[in-house]
Amino acid sequence: MPRINGLSKQLADRLSPPDQFLTIKKNTFLFQQGEKVKELYILLSGKIQIGKISPDGRELTLRFCDVGDIIGEFIFDEEEVSYIVDAKVVEDGEVAVVKQKRVRDELMDDSKSIIELLKHSNLQYRKDQTKFRDLVMFGKKGALYSTLIRLSNSYGVKKVDGIYLDVNLTNQEIANFCATSRESVNRMLNDLKRDGIIGIEKGRITIYQLDYLKTEINCENCPVVLCSIK
């Protein structure tokens with residue numbers, strides 16, 4: 001099993017070997033809102049997006065998971081807890097599955113590892129909450145600006161004239177990060193392009209004035225570990 005992102009080697013070794021390996025297919029779900037939390041997953045290949053789908057079908061993407069990421073919520077006690085987000089497969093791949101009960105039993109006398117795993121879960125929760133905060137406080141435009149800032153932290157490549165976003169995303173995928181329509185995102189991106197804030201060439205975005213985006217949403221300059229798409 002590969003190195004688990006964000007966890008010490010000692011803790012990763014305690015989670016090995018996994019209880020099983022699971023093949024994942026595009027456009028299926030690893031888990032969905034309302035299902036009981038029973039396992040932790042480590043992404044071995046492919047790509048998974050974490051998000052929520054509203055009752056009327058609108059999609060809000062919170063973050064992408066990379067190879068080596070641990071997916072799911074660690075539950076310290078045996079109380080039944082349900083997922084509050086969806087894990088949708090966007091690229092075929094494979095995950096390693098580790099049962100929560102086994103993790104609890106393994107770490108019962110290892111408080112240091114339990115605290116480390118709880119901190120890791122809390123970090124993912126804080127990432128999601130900052131995304132919700134931007135959407136609620138600043139609306140769709142703020143959500144777009146926040147998404148562009150997060151993309152620059154995760155995929156930005158510094159160029160002479162700005163920050164090039166080295167990632168393939170359609171306007172619909174960007175819209176899903178903002179819980180809005182593709183048409184609204186098209187309009188807002190065109191406004192930013194017209195004002196010289198960003199450039200768009202062959203579907204790739206370059207941010208020319210990152211400070212403008214930060215000022216518009218009263219950016220608090222959160223640590224990059226919180227302000228990212230991953």
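**Helices and a strand pair**

Visitor: Which residues of helix H2 are buried, and which elements do they pack against?
Guide: In this predicted model, helix H2 covers residues 100-107, and its buried residues are Gln-100, Arg-102, Val-103, Arg-104 and Leu-107. The elements against which these buried residues pack are helix H1 (9-14), strand S3 (39-53), strand S6 (86-99) and helix H3 (111-155).

Visitor: Are H3 and H4 roughly parallel or antiparallel, and which residues of H4 make the contact?
Guide: The axes of H3 and helix H4 (residues 171-178) lie 8 Å apart and pack at an angle of about 155°. Because angles over 145 degrees count as roughly antiparallel, H3 is roughly antiparallel to H4. On the H3 side the contact is made by Lys-131, Leu-135, Lys-140, Ala-143, Leu-144 and Thr-147, and on the H4 side by Ile-174, Phe-177 and Cys-178.

Visitor: How many nonpolar residues does the contact of H3 with H4 have?
Guide: Sorted by class, the contact of H3 with H4 has one polar and two charged residues, while its nonpolar residues number six.

Visitor: Which residue in the turn between S9 and S10 has a positive phi?
Guide: Strand S9 (residues 198-201) is joined to S10 by four bridges, and the two strands run antiparallel, with Gly-199 standing opposite Thr-206 in S10. S9 and S10 form a hairpin with two residues between them, and the residue in the turn with a positive phi, of about 55°, is Lys-202.

Conventions. Residues numbered from 1 in each chain as written. Predicted model: local features only at pLDDT ≥ 70, side-chain atom pairs only at ≥ 80, totals over all residues. Heavy atoms only, no water. Buried < 20%, exposed > 50% of the residue type's maximum accessible area, 1.4 Å probe, protein only. Contact = heavy atoms within 4.5 Å. Axes fitted to C-alpha atoms, helices over the stretch in contact; angles between N-to-C directions. Parallel < 35°, antiparallel > 145°, perpendicular 65-115°, else oblique. Nonpolar A, V, L, I, M, F, W, Y, C, P; charged D, E, K, R; others polar. Pairing = 2+ DSSP bridges.
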